Amino acid sequence: DVKKGNDEAIEKGKDKMAHNFLVGDIVMDMKVDKYDLAAVTSYYGTYGIDKAEAEKYIKYDLNRDGDIDIRDVQYVLHTMGN
């Protein structure tokens with residue numbers, strides 16, 4: 001499930017998020033929805049992220065513990081609908 005055809009909303013989201021962010025808004029469209037959940041769950045089970053790979057996975061590892069696990073999914077679910 002990939003979000004397509006909403007580039008304008010995403011670009012506006014990036015501008016607004018320059019100084020603020022919405023926890024769990026992976027696709028940066030200023031709302032947490034099924035697309036954000038799909039983004040996190042697509043990397044679910046990625047453990048022991050090392051510093052060399054951190055930049056690639058940082059937006060999915062919401063609590064920055066080096067693992068993409070149930071806690072990261074919980075962040076998305078907690079703010080879903082915002």
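The structure is a predicted model, in which local features need pLDDT of at least 70 and side-chain atom pairs count only at pLDDT 80 or more, while totals for chains, interfaces and linings use all residues. Residues are numbered from 1 along each chain as its sequence is written, and side-chain values use heavy atoms, with hydrogens and water left out.

## The chain as a whole

The protein chain has 4 helices and 0 strands, and from the N terminus on its elements run α-α-α-α; helices (H or I, at least four residues) and strands (E, at least two) are DSSP runs, numbered from the N terminus. Of its 82 residues, 28% count as buried, where buried means under 20% relative accessible area, exposed means over 50%, and partly exposed lies in between (1.4 Å probe, protein chains only). The chain exposes about 5,600 Å², of which carbon and sulfur atoms supply 51%; accessible areas come from the Shrake-Rupley method with a 1.4 Å probe, and for residues only the protein chains shown count as cover. Among the contacts with a separation of 6 or more, 41% are accounted for by residues 24 or more positions apart, a contact being heavy atoms within 4.5 Å.

## Helix H2 and its buried side

The buried residues of H2 are Asp-36, Ala-39 and Val-40. They cover an arc of only 90° around the axis, so they lie on the same side of H2; the arc is that of the directions from the helix axis to the C-beta atoms. Helix H4 (70-79) is included in what covers these buried residues.

Asp-36, which is placed in helix H2, is buried with a relative accessible area of 0%. Leaving aside neighbours within four places in sequence, Asp-36 is in contact with Gly-24, Asp-25, Ile-26, Val-27, Asp-29, Lys-31 and Val-76.

## Two aspartates in loops

Asp-25 lies in the loop between helix H1 (7-16) and H2, and at 6% relative accessibility it counts as buried. Asp-67 lies in the loop between H3 and H4, and at 21% relative accessibility it counts as partly exposed. Although Asp-67 and Ile-49 are 18 residues apart in sequence, they are 6.2 Å apart in space, C-alpha to C-alpha. Beyond its neighbours within four places in sequence, Asp-67 is in contact with Thr-46, Tyr-47, Gly-48, Ile-49, Asp-61 and Asp-72.

| Side chain | Backbone nitrogen | Distance |
|---|---|---|
| Asp-25 | Met-28 | 3.1 Å |
| Asp-25 | Asp-29 | 3.3 Å |
| Asp-36 | Asp-33 | 2.9 Å |
| Asp-67 | Gly-48 | 2.7 Å |

## A nonpolar surface patch

Tyr-47, one of the contacts of Asp-67, is found in the loop between helix H2 (34-42) and helix H3 (54-57), and Tyr-47 is exposed, with a relative accessible area of 52%. Together with Tyr-44 and Ile-70, Tyr-47 makes a nonpolar surface patch of about 340 Å². Patches are made of residues with over 30% relative accessible area and no salt bridge, like charges being joined within 9 Å and nonpolar side chains (Val, Leu, Ile, Met, Phe, Trp, Tyr) within 5 Å; a salt bridge is a side-chain nitrogen of Lys or Arg within 4 Å of a carboxyl oxygen of Asp or Glu.

Notes
Polar contact = N/O pair within 3.5 Å; in protein donor to acceptor, adjacent residues only side chain to side chain.
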